Amino acid sequence: QENIDTFLPLVEGGSNELQEWICLIQAYSFAENYDAAWKWVQKAEAKFPESAILHIYAGDLLRSMKRYDEAFPHWKRALEMEPEWCDAAFSMGFCYEEMGEYEKARTCFENSSIHDMEVRYMLGIIYTQGLGVEKNIGKGIKYLKSANGIPEAQLEIAKYKKPFLGKWVRK
């Protein structure tokens, strides 16, 4: 509520600072007041039509609202505007994963930069469990090991073993 109280007067006063609009949208989103957040997204899009980051936030908000079909065009537009930004591809991948469309999720993750630990963790899960792809435990373990900053990755690795000179198998 504190951030809403801080940024609402600024935005209502006609702020030309995109970051203030995004902070307000995020504050409403964190408060799970998605309708208010969406109202401000629509107003922000009219004011800042060429903002890729705003399209990412719009897609993420729509995902939170379970309005998946409406989210994807925002992320795709962000990628058209800023192809090197991986946030939109990550968001698409996580949304596909949430929808159970693991092959599409894998494609999004692999086509984006895999420097993000959370993405490497998700690819590890996808491959070790064979979610939408042919199961490849060794490849999954490689991704999980590279996501060593995520405690869940270590817990997942502990579920597998590699016999001497053998292939990775589930314990």
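Trainee: The expected span of a helix is 1.5 Å times one less than its number of residues, so what should the 12 residues of α6 span at 1.5 Å a residue?

Mentor: They should span 16 Å, and the end C-alpha atoms of α6 are 16 Å apart, which agrees. Helices here are DSSP runs (H or I, at least four residues), numbered from the N terminus. Bear in mind that this is a predicted model, where local features need pLDDT of at least 70 and side-chain atom pairs count only at pLDDT 80 or more, while totals for chains, interfaces and linings use all residues. Residues are numbered from 1 along each chain as its sequence is written, and side-chain values use heavy atoms, with hydrogens and water left out.

Trainee: Got it. How many residues of α6 are buried?

Mentor: Taking buried as under 20% relative accessible area and exposed as over 50% (1.4 Å probe, protein chains only), 9 of the 12 are buried, so α6 is largely enclosed by the rest of the structure. The buried ones are A88, A89, F90, S91, M92, G93, F94, C95 and Y96.

Trainee: What do those buried residues pack against?

Mentor: They pack against α4 (52–64), α5, α7 (102–111) and α8 (117–129).

Trainee: Let's take α5, then. At what angle do α5 and α6 pack?

Mentor: Helix α5 (residues 68–81) and helix α6 (residues 87–98) pack at about 160°, and their axes, lines fitted to C-alpha atoms over the stretch in contact, are 9 Å apart. The two are therefore roughly antiparallel, a label for angles over 145 degrees. Counting heavy atoms within 4.5 Å as contact, α5 brings in Y68, F72, W75, K76, A78 and L79, and α6 brings in A88, A89, S91, M92, C95, Y96 and E98.

Trainee: And which residues make the contact between α6 and α7?

Mentor: On α6 they are A89, F90, M92, G93, F94, Y96 and E97, and on α7 they are Y102, K104, A105, C108 and F109. This pair packs at about 165°, with axes 7 Å apart, and that makes α6 roughly antiparallel to α7.

Trainee: Switching topic: where does P83 sit?

Mentor: P83 is in the loop between α5 and α6.

Trainee: Is P83 buried or exposed?

Mentor: P83 is exposed, at a relative accessible area of 59%. From P83 to V41 is 42 residues in sequence and 22 Å in space, C-alpha to C-alpha.

Trainee: Last one: which residue with a positive phi follows α6?

Mentor: That's G100, with phi near 85°.

How values were computed
Axes fitted to C-alpha atoms, helices over the stretch in contact; angles between N-to-C directions. Parallel < 35°, antiparallel > 145°, perpendicular 65-115°, else oblique. Expected span 1.5 Å × (residues − 1).
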